[in-house]
Amino acid sequence: MISKEEFISKIDNIRQNFLEEISKNFDQFLLKQKYLSRSSELNELLSQIKDVESQYRAECGKIANDLKSFIEEEIKKSTNTLEEKILVDPTANPKKFRIGHKHFTSQAIEEISKIFERIGFYRVRYPEVEWDWYAFESLNMPKDHPARDEWETFFIDTEDVDTVFGKRILTPHTSSGQVREMQRRKPPIRMINISKCYRRQIDISHTPMFHQFEGLVIDKNITIAHLKGVLDYFVKNFFGPQRKSRIRPYHFRFTEPSFEVDVSCGICLGKGCRLCKEGWLEIGGAGMVHPNVLKAGNIDSTVYSGFAFGFGIERNFMMKSGISVGDIRLIYQNDIRFLEQF
Amino acid sequence: MDIKIAYSWIKEYLDIDIPHDEFARKMSLCGPSIERWSYSESLKDYILDIEVTSNRVDAASVIGICREAQAILGCKLKKDLFILPELNNQKKYSSAFPLNVFVESNLCRRYQSLIIDNVKVRESPKWLKDRIESAGLNSINNLVDITNYVLLEYGQPTHIFDYKRINGKKIIVRNAKEEEEFIALGTLEKYKLSNDNLVIADELGVIALAGVKGGENSAVSNDTKTIVIESASFDPVSIRKTSRKNNLITDASLLFEKDIHPKNTEFAIKRVAELVLNVCGGEVVSELIDVKKVEFSEFKRIQFSLLEIPRILGIEINKEIVKNILEKLGFYIIKEDNNTFFIEVPFYRMNDINFDYDIVEEIARIYGYHNIPSVLLDTQIPQEQINLELHFENKIRDILVGAGLTETYTYSFVPEKYLITNTKQFIKVANPLTLDFMYLRTELLQSLIKVVEENEELVDTLHLFEISKVYIPKEDRVLPQENLKLAICVNGDSPQEAFYIIQAYWNLLIKRLNLDDKIFHYFSTDSSTSDIFSKVNSSNLFYKNKRIGTIGLISEKVKNQLKLKKHLALFELDIDIFVEILSNKALSYKPISKFPSIYRDFSFIVDKKVKWSEIVSSIYLESGIDIKNIQLFDVFQLKNDENLRSLTFRVEWNNENKTLTDKEVNLYFESIVKLIKTKFKAILRDK
């Protein structure tokens with residue numbers, strides 16, 4: 001026997017559940033299954049009506065049937081929106097916007113400037129057709145110095161045209177911006193100079209025009225520890241949080257001490273693997289600004305010190321993104337099939 | 001410079017017991033970089049590829065590497081490398097082998113020579129051959145191999161002459177005469193020398209190009225019996241100039257131009273003599289001739305304060321560690337006074353150690369850069385205004401890429417064929433790679449039309465742009481002006497289609513930069529317009545009285561010259577001037593009108609010479625009251641009369657203080673119709 005109270009409370013329970021589920025937009029088909037099908041709880045209950053005390057049977061039956069029609073009605077209401085026709089194939093995409101492509105090098109420059117911007121570096125740009133004085137002489141490289149060989153330089157003039165500045169050349173590195181920046185503003189200096197550079201080389205891994213970025217920091221109490229800090233910051237932000245940087249001794253005339261900068265290999269993280277051999281990949285040069293260079297920029301080297309670093313854009317961006325274009329000349333060949341991949 | 005040294009050779013001098021790869025890794029962190037090595041099956045030896053920086057010619061030898069290793073690895077040398085057997089026992093030399101050395105030029109700092117008689121020239125013994133081959137050289141004969149061996153061992157080039165072939169038994173070190181001839185040994189190549197070349201000569205002529213290459217006329221051969229060993233020191237700049245000028249770069253010249261200390265000659269000549277006596281036999285038959293033309297010192301003193309270490313490195317290093325590092329590197333501490341050291345620099349480091357920073361570098365690298373902490377900058381962030389040119393360059397690039405244009409990056413050089421312009425002055429490279437890299441562009445479109453030419457057939461339409469510099473020559477002795485330009489190229493099957501797309505891009509750019517298009521004026525092209533543009537189908541863009549760019553079609557001439565199949569529209573903008581306009585422009589806002597706008601469409605037929613910009617400015621000027629916007633939405637050429645063009649546009653009127661009535665707008669409408677009819681001889685089309 002089921003008591004009237006028990007029956008009604010079961011009915012109430014079903015109503016409550018139903019209202020909750022329909023309010024949450026449950027699938028209509030499932031709602032019908034659950035509440036109106038033969039095996040539904042409500043129908044089960046109705047089939048048990050004979051077990052209700054006879055004097056309450058009619059009353060309980062009505063309550064149950066009322067709920068049933070309420071549920072039917074509610075479900076119907078919820079389905080009673082406009083019947084929709086199939087209008088589109090959601091998987092088809094015949095309309096196209098014209099898609100623009102930002103060049104590989106622009107993307108690299110943008111990313112690099114943003115990384116340095118976050119730690120207070122401002123961006124500058126200096127002449128590409130430059131005086132020998134800014135590119136070499138002021139950087140502690142006198143005329144006929146063998147160190148100059150490392151830059152395969154394009155010349156505009158064959159003889160000096162200015163008694164101080166010498167010949168006009170195409171700048172072979174962004175370091176020519178160091179003394180220009182020292183002349184433009186007083187310390188503190190925290191610049192990033194990104195520019196086109198030119199060297200007399202063309203082969204599978206060299207283009208006569210390429211891009212570099214040069215960092216220069218000059219202030220009181222700047223040390224190698226700060227340089228290492230900035231390099232670590234850059235390497236983690238540019239190559240990835242697990243990567244590390246290291247500096248090894250090198251020689252540049254315009255820094256003392258001078259370093260080569262390596263990043264730990266992304267595959268083996270510095271342990272050494274088939275790809276990187278010793279666990280590290282070279283990414284550029286750096287050093288503490290030579291007192292003679294500070295002097296050329298009219299900065300007192302007993303008060304100020306600084307560091308500088310210069311990295312190639314194209315090679316590092318390829319290294320970072322794991323892109324191997326094979327022949328680096330493709331970057332400036334402007335084949336539309338290359339450009340449209342970026 | 002890169003040198004190849006067999007690991008076993010290093011171990012011959014150095015008391016170490018670590019594998020080659022560990023040696024390489026440790027050395028690279030603190031000294032010369034050894035990133036590569038190879039195993040030689042035939043020599044059963046690891047050959048290390050060592051990169052020595054240009055300031056460290058003293059390290060570019062077996063001995064130099066061993067000295068470095070001693071400091072870096074803390075190991076000991078097995079023998080003192082600078083003690084060599086005395087060759088000249090007291091014996092008085094006969095005058096049977098006279099030789100007079102005259103050093104006439106200061107470009108030769110020191111000239112040492114020694115005569116050995118009765119040598120036997122033959123194949124080298126295996127140990128010598130192995131060493132020569134391990135360095136990647138070819139074994140020639142025992143004499144030549146010995147000079148190469150000593151070059152590798154001591155980093156000092158030496159040379160051996162056949163005594164018999166020295167005319168007049170005179171060695172004269174002098175400048176070459178103009179046009180004097182020299183024939184190199186081995187290659188037999190003939191060189192015409194100039195006065196600034198230093199030569200070794202005998203009575204009759206040049207027998208060697210000093211420090212660069214020996215001469216054929218004095219070279220040793222298989223029947224050489226008596227030899228003269230030369231070990232000398234030359235002016236590095238002179239060697240470099242001679243070698244570059246004659247395009248003759250040798251192992252010797254590469255070492256000499258990096259300034260080997262003159263003291264090094266004495267070890268090398270004794271070592272060559274010792275090896276000759278051992279390997280080729282014979283006896284020394286002359287005194288050691290030693291002409292010192294230039295004074296040189298054998299050491300120098302440097303004062304250095306310990307306080308410089310934290311100033312440069314950011315950390316302090318214990319005094320005892322500092323002393324230990326300096327001593328291992330061969331520096332001698334004469335005196336220490338509190339924090340100040342007085343240091344004597346050995347002769348072989350006199351070139352690269354010049355002031356206290358150099359000493360700090362030495363201490364730091366041996367201490368290990370990896371042992372210095374990494375610290376983020378904690379100094380003041382500089383106050384710096386944003387660089388507007390760079391800012392707007394990036395903004396324009398983003399807008400155009402977003403609009404569907406593809407960015408190119410072209411070389412700043414342009415081949416002569418593309419140097420199309422109205423001016424004839426260019427920046428010219430004096431030493432170009434090829435003719436394609438000889439001139440710097442004066443217009444960005446010179447580069448872009450080449451890209452169009454090369455890609456035209458690859459895709460349906462090209463929508464390209466670039467933002468880059470052009471290089472405008474000024475006077476002869478100043479730097480050119482570098483102007484930042486934007487160039488856009490759009491091609492299409494009809495000239496109108498291509499052109500109106502490029503106009504749309506320009507308008508989009510203006511709108512996205514919050515500029516009012518009414519501030520720009522279109523004027524016909526003139527002599528300042530580039531020849532790339534069609535003169536009749538282009539317009540110069542002006543802001544106030546400044547020309548900021550040109551928009552139009554490519555000239556028929558250039559189109560034919562490049563054999564372009566499609567029609568090409570071009571746009572060129574001077575970013576520098578544009579940035580001036582942009583930087584003065586603040587964001588602005590006008591309250592939204594509470595009253596509705598009223599619109600009317602117009603359709604006129606006008607002569608095709610009439611410019612839309614003229615119509616617009618006339619309307620604004622003469623009938624502009626309450627006009628909010630004039631929007632052109634259709635332009636086409638009449639089929640029955642190609643001198644006529646149809647223009648359809650919509651005018652929007654709005655008054656901020658009231659609702660305009662139909663009556664008012666009808667009056668406005670009529671006045672515009674009248675204006676255009678009379679001023680431009682236009683016909684109003686029926687709807």
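A polar contact here is a pair of N or O atoms within 3.5 Å; within protein, one must be able to donate a hydrogen and the other to accept it, and residues adjacent in sequence count only if both atoms are side-chain atoms. With that in hand, the side chain of A:T207 reaches the backbone oxygen of A:M209 at 2.7 Å.

Some ground rules come next. This is a predicted model, where local features need pLDDT of at least 70 and side-chain atom pairs count only at pLDDT 80 or more, while totals for chains, interfaces and linings use all residues. Residues are numbered from 1 along each chain as its sequence is written, chains are lettered from A and ligands numbered from 1 in the order in which they are written, and side-chain values use heavy atoms, with hydrogens and water left out.

Back to A:T207. You'll find A:T207 in the loop between β5 (189-198) and β6 (209-219) of chain A; helices (H or I, at least four residues) and strands (E, at least two) are DSSP runs, numbered from the N terminus. With a relative accessible area of 8%, A:T207 is buried (buried means under 20%, exposed over 50%, partly exposed in between, with a 1.4 Å probe and protein chains only). Not counting residues up to four places away in sequence, A:T207 touches A:R199, A:Q201, A:I328, A:R329, A:Y332 and B:Y411, where contact means heavy atoms within 4.5 Å. A:I328 sits 121 residues from A:T207 along the chain, yet their C-alpha atoms are separated by 7.1 Å.

Over in chain B, the loop between α6 (236-245) and α7 (251-256) holds B:N246. B:N246 counts as buried because its relative accessibility is 11%. Leaving aside neighbours within four places in sequence, B:N246 is in contact with B:Y191, B:K192, B:L193, B:N197 and B:L209. Here are two reaches of its side chain.

| Side chain | Partner | Distance |
|---|---|---|
| B:N246 | side chain of B:N197 | 3.5 Å |

Now for the sheets. Strands of a sheet pair through backbone hydrogen bonds, either parallel or antiparallel. In this model, two strands pair if DSSP finds at least two bridges between them.

Chain A has an open sheet of three strands in the order β2-β4-β3, with antiparallel pairing. At its edges stand β2 (129-131) and β3 (154-155) of chain A, each with a single partner strand, so one side of each is left without a neighbour in the sheet. Two bridges join β3(A) to β4 (residues 168-170) of chain A, and A:F155 has A:I169 as its bridge partner in β4(A).

Six bridges link β3(B) with β4 (residues 45-51) of chain B, and B:W37 has B:L48 as its bridge partner in β4(B).

Finally, chain B as a whole: it has 18 helices and 33 strands, and buried residues make up 54% of its 687 residues. Its C-alpha trace spans about 130 × 60 × 50 Å along the principal axes.
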